[in-house]
Amino acid sequence: MTAVAASKAKRGPISDKTKAERKLAYMLVAPAIVAMLLVTVYPILYAIALSLQKVDLRFPQESGFVGLDNYTAVLTSDLWWQGVGNTALIAVISVAIELVLGMGLALIMHKALFGRGVVRTATLIPYGIVTVVAAFAWFFAFDPSSGFVNNLPFIADDKAWFGSHNSSLAVIIMAEVWKTTPFMALLLLAGLATIDEGLYEAARVDGATAVQRFFKITLPLLKPALLVALLFRTLDAFRVFDSIFVMTRGSQDTESVSILGYNQLISRLNLGLGSAVSVLIFVLVLGIAFIFVRLLGTSTPAGQGER
Amino acid sequence: MWRGVIAALGVAALGSSIAACGDSDSSSGPVTLNWFIFNEPSGAPQKIAKRCSEQSNGAYRINFEYLPSQADQQREQLVRRLGAEDSSLDLLGMDVVWTGEFANAGWLKPVPASTAKAVSENVFDSVLQTARFKDRLYTVPIWSNTTLLWYRKDRAPKPPKTFDEMIDMAEKLGPEKGRFQLQANRYEGLVVLVNQLIESAGTSVLAGPTQMKLDKAPTERALSILGRLSNSSAAPPNVSTSTEDTARLGFEGGDSTFMINYPFVYPSAKENAPDVFKVMAAAKFPQVDADKPSKPPIGGINLGVSAFSKHPEEAFAATECLIKPENQLEVAKLGGLPPVRSDVYDQPEIDKIYPGFADVVRDSIQSAAPRPSQSPAYQDLSLAIQRALHPTTKIDARNPTPAYDKLRDYVEKAIKREGLL
């Protein structure tokens with residue numbers, strides 16, 4: 001939105017007033033920019049610097065510049081690619097399920113005739129729970145000795161959910177979906193609120209069915225909100241850590257890239273290798289964000305135009 | 001997540017610098033020694049620390065800073081602070097496998113000769129091995145631990161001597177009564193099991209700090225036992241996620257006859273499963289081969305003095321006091337934690353703490369074999385062993401060679417600290 005406003009302002013002739021206003025604007029954002037530089041740019045540059053060195057806290061004598069060795073070690077490792085595969089799988093499946101469920105919830109919340117507040121609050125509760133706590137809740141629910149899941153009909157009493165790759169990943173994805181569907185629903189609800197009711201009325205007058213109205217009006221007009229929601233969730237899902245850490249600690253080959261980074265940095269204290277992993281995650285996230293922003297950029301003007 | 005970690009690092013650094021400022025020496029009065037250790041539930045460390053503070057005649061006062069209860073999380077918090085050269089740490093409550101890593105990183109003050117003599121008197125040699133790095137004493141063992149073979153006297157009148165015997169007995173009893181419980185989740189507990197099987201088979205993981213041993217025949221024999229244990233009809237259904245606690249719960253549940261576990265299960269059963277408790281007995285960690293003695297694991301806590309401590313003399317004086325025989329006995333009484341000095345086992349109170357199995361505890365610790373913690377890259381080794389062998393159900397007892405090759409490959413890489421783990 002601000003980008004659009006700024007580009008519009010550029011087109012007009014610049015008066016003294018706008019100049020003064022712009023100066024004020026720069027001064028007002030300066031503290032935020034400085035803070036951002038300190039807390040994000042510095043660590044990022046530091047991580048890049050570390051990733052080019054051999055740094056292991058346990059072997060202080062052996063430090064030195066190694067160029068791209070750390071990156072070679074990461075990129076030639078099966079574990080890294082397995083981690084990328086797991087992370088992508090978790091991100092794609094969980095975001096897809098969240099999108100469908102979130103859309104349904106958003107429509108319910110939008111259309112709720114009574115108890116709107118209650119419906120919206122109830123929907124948001126899972127999102128308000130700390131991820132680690134939610135992960136433990138799911139872990140205990142599926143644990144054969146303490147959980148209730150194995151007592152349900154059609155499920156073997158001694159099914160060890162965290163004993164195999166697929167069932168572990170399934171539980172992790174379920175926990176992720178449960179936890180973050182409300183967030184998706186909330187963003188979509190905000191998008192729904194911006195759609196003009198008049199369009200639906202006009203469509204109804206023209207004899208459009210509910211299905212047609214959803215696909216011809218709601219979805220196209222929701223595209224910007226949809227893409228923003230997908231972007232946020234995909235980036236978030238790509239950094240999945242807590243659920244895996246709590247439920248399997250990466251066993252059964254369920255490691256995500258974040259778990260791999262954690263192992264190198266925090267467990268092994270191999271700061272060089274760990275930083276290389278972090279920088280690669282950063283690059284992947286940047287790539288995802290870039291693709292989404294591209295899609296978003298092409299969709300926004302259309303959405304704006306129809307308003 | 002990275003932001004979270006970085007923020008946590010920042011907060012930790014900030015917190016410690018504030019603590020360091022507050023703690024600037026007041027010229028008179030006792031110095032405050034900060035002891036970083038997990039909150040041992042019985043309160044035994046607090047009690048002996050108070051005793052020593054009083055006996056120091058105003059030289060020092062011990063203050064507790066608590067670490068999480070899980071060993072790997074304790075280590076993570078300690079290494080973050082030590083990596084940042086935090087001077088607010090004086091005494092470190094260290095897991096026995098951290099000595100090589102901490103010493104090599106320069107985070108520990110070597111134990112001075114006079115203290116070394118006092119603190120190693122009558123201490124089991126197996127325990128002292130965990131406190132040394134490159135033939136030098138870096139830590140002071142305060143209490144030990146080991147696993148025993150727990151069994152039910154009503155179902156197994158005589159405890160099995162070897163793992164094969166145990167599995168045969170368990171399978172004969174059937175899964176309703178005969179299950180055995182152990183630790184094979186992908187965590188340190190699996191490394192303990194694997195290392196003890198390898199040691200009991202007659203070889204070791206390492207020949208030196210940076211040299212692999214793992215002789216083929218005995219290692220394959222050990223892995224074959226591990227495969228048989230994991231795939232037996234008497235194995236617990238959750239064998240791939242089993243820990244000390246799931247084992248304890250399984251045994252207390254009543255369908256098990258055998259369990260490899262630490263002595264804490266004994267008071268626990270007394271509280272939670274009195275029927276099981278009545279028939280519970282302990283024997284030594286089983287043998288791999290009938291003609292070779294078993295090598296039980298060794299755990300416990302060693303005290304380190306931080307290289308960045310401002311009060312190393314007082315800290316070493318405190319370690320000398322904390323491990324006095326009467327204090328070891330106190331820790332055993334309150335927390336059930338086995339003493340590190342052999343002569344403490346001659347005290348009559350020990351029989352009350354470990355009724356009927358005091359000799360087994362002593363014998364187990366005496367004949368224990370440490371994990372390969374002489375390597376400063378122990379953490380890498382541990383991760384590598386876990387990664388190579390988990391889930392243990394995939395190990396074929398009749399053909400352990402693929403598992404052996406994988407283990408060698410991972411251990412070799414870990415020693416060289418190559419690649420991701």
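Colleague: Where is the place of Arg249(A)?

Modeller: This is a predicted model, and in it Arg249(A) sits in the loop between α10 (242-247) and α11 of chain A.

Colleague: Is the peptide bond from His390(B) to Pro391(B) cis or trans?

Modeller: Most peptide bonds are trans. The bond from His390(B) to Pro391(B) is cis, and its omega is near -5°. Pro391(B) also belongs to a loop, the one between α17 (378-389) and α18 (401-416) of chain B.

Colleague: How many helices and strands make up the secondary structure of chain A?

Modeller: Chain A has 12 helices and 2 strands. The C-alpha trace of chain A spans about 70 × 70 × 30 Å along its principal axes.

Colleague: How should I read the area buried between chain A and chain B?

Modeller: The size of an interface is often given as the accessible area lost when the parts come together. Here about 3,100 Å² is buried between chain A and chain B, and carbon and sulfur atoms give 56% of that area. Arg58(A), Ile266(A) and Arg268(A) supply 21% of the area that chain A buries against chain B, more than any other three residues.

Colleague: How many residues does the contact take from each chain?

Modeller: There are 38 residues from chain A and 33 residues from chain B.

Colleague: How many salt bridges does the rule find across the interface of chain A and chain B?

Modeller: Side chains of opposite charge can pair when their charged atoms come close. Across this interface there are 7 salt bridges. One of them joins Arg268(A) to Asp380(B), with the closest N and O atoms 2.9 Å apart. The residue pairs in polar contact between chain A and chain B, both at pLDDT 80 or more, number 13.

Colleague: Which elements give two or more residues to the side of chain A that touches chain B?

Modeller: They are α3 (69-75), α4 (78-111), α11 (257-267) and α12 (271-306) of chain A. The largest share, 9 residues, comes from α11(A). Sorted by class, this side of chain A has 19 nonpolar, 10 polar and 9 charged residues.

Colleague: How many salt bridges does the structure hold over all chains?

Modeller: The total is 33. Among them is a pairing inside chain A, between the side chains of Arg233(A) and Asp236(A), at 3.1 Å from N to O. Both residues lie in helix α9 (residues 210-238) of chain A, 3 residues apart, which is about one turn of the helix.

Colleague: How many cavities of 30 Å³ or more does a search of the whole structure find?

Modeller: The search finds 2. The largest cavity holds about 40 Å³ of space.

Colleague: Which residues line the largest cavity?

Modeller: The lining belongs to chain B: Thr147(B), Gln183(B), Val192(B), Leu193(B), Gln196(B), Ile260(B), Phe285(B) and Pro297(B). Helix α8 (residues 188-200) of chain B gives the most to this lining, with 3 residues. By class, the lining has 5 nonpolar residues, 3 polar and no charged.

Methods:
Residues numbered from 1 in each chain as written. Chains lettered and ligands numbered in written order. Heavy atoms only, no water. Contact = heavy atoms within 4.5 Å. Buried area = accessible area lost by both parts, 1.4 Å probe. Salt bridge = Lys/Arg side-chain N within 4 Å of Asp/Glu carboxyl O. Polar contact = N/O pair within 3.5 Å; in protein donor to acceptor, adjacent residues only side chain to side chain. Helix = DSSP H or I, 4+ residues; strand = E, 2+ residues; numbered from the N terminus. Nonpolar A, V, L, I, M, F, W, Y, C, P; charged D, E, K, R; others polar. 1 Å grid on protein atoms, 1.4 Å probe; cavity = no way out; pocket = protein on both sides within 12 Å on 5 of 7 lines; lining within 4 Å. Points joined across faces, edges and corners; volume = space filled by probe spheres on them.
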